[in-house]
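Colleague: Could you walk me through how to read the features of this model, one at a time?

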Amino acid sequence: MEKLRKVRGVHDLLPNELHNHNIVVNTGLKISDKYNYSQIEIPIFEFAEVFTKPLGKSSDIVTKENYIFKDRSEDELMLRPEGTSGVVRAFLNAGLVQDVPQRFSYCGPMFRYERPQKGRLRQFKQFGVECLGLSNSMADVEVISLGYDFLSQLSLLDKIDLKINTLGDLESRKNYKQALVNYLNDYQSKLSKDSLNRLSVNPLRILDSKNEGDKKIVENAPNIIEYLNSHSKRHFDDICIGLDHLNIKYTIDKNLVRGLDYYCHTAFEFTTNELGSQGTVLAGGRYDGLSKMLGGPDVPGVGWAAGIERLALMIQSNFDDKIDVALIARSENINYLLMPIMKKLVQTEIKSEIIYTGSLSKKFKRANKIRASYAIIIGEEEINKKLIRFKDMKLGSEEFLDLNQAIKKIKKIS
Ligand code: ATP
Ligand code: MG
């Protein structure tokens with residue numbers, strides 16, 4: 001058979017891999033719920049402008065990484081590259097502006113046309129939280145604490161560091177941008193092509209450049225902290241105090257920025273050295289400008305998104321698909337007697353599989369392969385006795401039991 005082609009950067013998730021993904025998501029949902037973040041589900045595609053408007057024309061997501069298409073009504077749609085814009089759009093559409101704060105969690109696939117590599121896919125999943133309607137710096141501390149607890153419950157804290165920074169408010173950022181551009185102008189001939197382009201459209205992004213030459217230049221760039229007005233400085237100081245009180249360790253990284261236009265004040269990232277260059281596992285910040293960009297009123301917000309694939313690669317867990325009971329008939333024409341047995345087992349929360357075909361020895365081979373702890377075997381003799389043959393697959397011992405006795409044994413109740 002000719003091999004079917006699969007789209008690059010898009011993965012199948014077989015049960016053992018999905019198992020780890022589910023651990024990540026379930027852990028996220030559980031801890032978020034305790035922080036009173038309720039799960040919400042938003043569409044996988046939206047009108048493109050939901051993303052293009054707030055993300056801005058200069059962002060990678062909009063210029064290079066988007067999956068935009070026209071549907072049959074000629075509407076321009078976009079597969080969602082991230083969750084925040086959709087969550088805020090949903091919040092506005094639901095008329096929740098007067099009913100703040102609102103706290104949401106979400107998870108699901110995102111789409112970006114990127115160069116696929118380990119921990120970087122074109123369809124990937126995020127788990128995220130958003131806190132809407134609070135401009136208080138304690139909301140920033142709250143979401144960081146939630147992210148910290150999430151990673152702690154995944155037992156990843158010793159492999160992960162927290163970096164924080166501030167982008168200040170609009171006024172502070174404007175002053176800083178000017179200083180940064182002045183500084184970078186002297187290095188125009190040395191900057192990478194990408195960064196040179198960004199110098200006029202989004203100079204802050206240059207701080208984030210992965211280019212070694214750029215990194216050197218940026219090392220001595222002006223520090224945003226020195227350009228913060230008193231309000232912005234206070235916001236940032238309060239966050240540091242809040243984190244200190246929680247004993248959450250962090251480093252201030254003056255070059256940490258978020259690539260998207262609507263971010264302000266706090267930016268943070270939890271990173272690891274264990275995943276090569278795709279080291280950011282959870283990233284977030286404050287986005288007070290987003291709601292307005294989407295055509296809504298001013299609604300402050302802060303949140304984060306975590307890469308599920310990256311976290312799933314890091315957690316230690318064994319996918320265990322062993323089953324309790326293999327159900328075997330001595331001849332295929334009495335297979336139908338196995339289904340009622342299975343139903344009874346299902347009702348008592350026992351996991352079983354009926355092995356329908358093959359010789360008896362083939363059936364036992366399969367029972368071993370699926371690592372059944374027990375086998376229930378029926379044949380003429382068992383039918384006559386109105387009992388089942390119950391085999392302990394590990395010990396090899398067999399006995400005649402009625403089904404209820406067998407269930408008790410399986411559940412280890414005497
Ligand atoms: P990166 O610097 O790795 O490109 P980003 O700044 O584009 O990340 P965000 O938009 O902040 O990432 O998304 C939050 C998280 O989602 C990232 O920290 C990462 O864990 C995950 N993520 C982002 N893009 C991808 C991708 N293409 N494949 C897998 N995970 C991703
Ligand atoms: Mg990216």
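Modeller: Let us begin with strand pairing: two strands pair if DSSP finds at least two bridges between them, where strands (E, at least two residues) and helices (H or I, at least four residues) are DSSP runs, numbered from the N terminus. This is a predicted model, in which local features need pLDDT of at least 70 and side-chain atom pairs count only at pLDDT 80 or more, while totals for chains, interfaces and linings use all residues. Residues are numbered from 1 along each chain as its sequence is written, chains are lettered from A and ligands numbered from 1 in the order in which they are written, and side-chain values use heavy atoms, with hydrogens and water left out.

Colleague: With that in hand, which residue of E11 stands opposite Leu-282?

Modeller: The residue opposite Leu-282 is Ala-306 in E11. Strand E10 (280-286) and strand E11 (301-307) pair in the antiparallel sense over 5 bridges, and Gly-285 has Gly-303 as its bridge partner in E11. Gly-285 of E10 also stands opposite Ala-267, and strand E9 (residues 264-272) runs antiparallel to E10, joined to it by 6 bridges.

Colleague: Over how many bridges do E6 and E11 pair?

Modeller: Strand E6 (123-132) pairs with E11 in the antiparallel sense over 7 bridges, and the bridge partner of Val-129 in E11 is Trp-304.

Colleague: How should I read burial here, and how many residues of E10 are buried?

Modeller: Buried means under 20% relative accessible area, exposed over 50%, and partly exposed in between (1.4 Å probe, protein chains only). In E10, 6 of the 7 residues are buried, so this strand is largely enclosed by the rest of the structure. E11 is mostly covered, with 7 of its 7 residues buried: Gly-301, Gly-303, Ala-305 and Gly-307 point one way from the strand, Val-302, Trp-304 and Ala-306 point the other way, and all are buried.

Colleague: Turning to the ligand, how many residues surround ligand 1?

Modeller: A residue is near a molecule if one of its heavy atoms lies within 4 Å of it, and 14 residues surround ligand 1, the closest being Arg-112, Glu-114, Leu-121, Arg-258 and Thr-280. E6, E10 and E11 each supply at least two residues of this shell, with E10 giving the most, 3 residues.

Colleague: Which polar contacts does ligand 1 have, and how much of its area does the protein bury?

Modeller: A polar contact with the ligand is a pair of N or O atoms within 3.5 Å. A polar side-chain atom of Arg-112 lies 2.8 Å from an oxygen atom of ligand 1, and a polar side-chain atom of Arg-310 lies 3.1 Å from an oxygen atom of the ligand, whereas Leu-121 uses a backbone N or O atom, which lies 2.8 Å from a nitrogen atom of ligand 1. Taken alone, ligand 1 exposes 580 Å², and the protein buries 84% of that, with accessible areas from the Shrake-Rupley method and a 1.4 Å probe.

Colleague: What should I look for in the backbone geometry, and which residues does a cis peptide bond join?

Modeller: Most residues other than glycine have a negative phi, and most peptide bonds are trans. Here a cis peptide bond, with omega about 0 degrees, joins Val-100 and Pro-101, and Pro-101 lies in the loop between helix H4 (84-93) and strand E5 (102-111). Glu-74 is not a glycine, although its phi is positive at about 65 degrees; this residue lies in the loop between strand E3 (68-70) and strand E4 (76-79) and is exposed, with a relative accessible area of 56%. Lys-412, likewise not a glycine, has a positive phi of about 60 degrees, lies in the segment after helix H15 (403-410), and is exposed, with a relative accessible area of 67%.

Colleague: Finally, what separates the centres of domain 1 and domain 2?

Modeller: The bounds come from an automatic or database domain assignment, which gives domain 1 (15-169 + 229-314) and domain 2 (325-410). Taken over C-alpha atoms, the centres of domain 1 and domain 2 are separated by 50 Å.

Key: Polar contact = N/O pair within 3.5 Å; in protein donor to acceptor, adjacent residues only side chain to side chain.
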